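Colleague: I have a new protein model open. Can we go through it step by step?

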Amino acid sequence: MENKKYTKESWLAEGRRLFGTDYTKYRFRCPKCGNVATGQEFKDAGADPNAMYCECIGRHVPGKGCDWAAYGLFDICTVHVDGQPVFEFAPLEEEQREEVY
Ligand SMILES: [Zn+2]
């Protein structure tokens, strides 16, 4: 898996490039279970949308079978922002490409 390192500025810029400025449209993939969650799902779950890049939606929605958090004891994230582990961006185009293969 590809490791990516960002500064906070470049990471925010990449997020805007992929998803625009509407945080409900942002999509992040949990490095543990591979589930992709949107800001909208965090909002719907009553969770802090700021947690979407560091917490699995499973922490907030029952039945997902995963409660991974990027800030936990173990770092399995491939993306780091100023040295902090975060979930990777999961743009829609990428998912559509994966479906083709
Ligand atoms: Zn997860």
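Modeller: Gladly. This is a predicted model. Let's begin with Phe28. Leaving out residues up to four places away in sequence, Phe28 touches Ala37, Met52, Tyr53, Phe87, Glu88, Phe89 and Ala90.

Colleague: Which residues touch the most other members of the largest nonpolar core?

Modeller: Nonpolar side chains tend to be buried together in soluble globular proteins. Here the largest nonpolar core holds 20 residues. The members that touch the most others are Phe28, Met52, Val86 and Phe87.

Colleague: What is the order of the strands in the open sheet?

Modeller: The protein has three helices and six strands. Three strands form the open sheet, with mixed pairing. Their order is β1-β4-β5.

Colleague: Which strands stand at the edges of the sheet?

Modeller: An edge strand here has a single partner, so one of its sides is left without a neighbour in the sheet. That holds for β1 (4–6) and β5 (84–86).

Colleague: In which sense do β1 and β4 pair, parallel or antiparallel?

Modeller: Strands of a sheet pair through backbone hydrogen bonds. Lys4 stands opposite Val79 in β4. β1 and β4 pair over three bridges, and the sense is parallel.

Colleague: What radius of gyration does the protein have?

Modeller: The protein has 101 residues.

Methods. Residues numbered from 1 in each chain as written. Predicted model: local features only at pLDDT ≥ 70, side-chain atom pairs only at ≥ 80, totals over all residues. Core = buried A, V, L, I, M, F, W, Y, C linked by C-beta atoms within 7 Å. Buried ≥ 20, exposed ≤ 12 C-beta atoms within 10 Å, placed from the backbone. Contact = placed C-beta atoms within 7 Å. Helix = DSSP H or I, 4+ residues; strand = E, 2+ residues; numbered from the N terminus. Rg over C-alpha atoms; globule rule 2.2 N^0.38 Å. Pairing = 2+ DSSP bridges.
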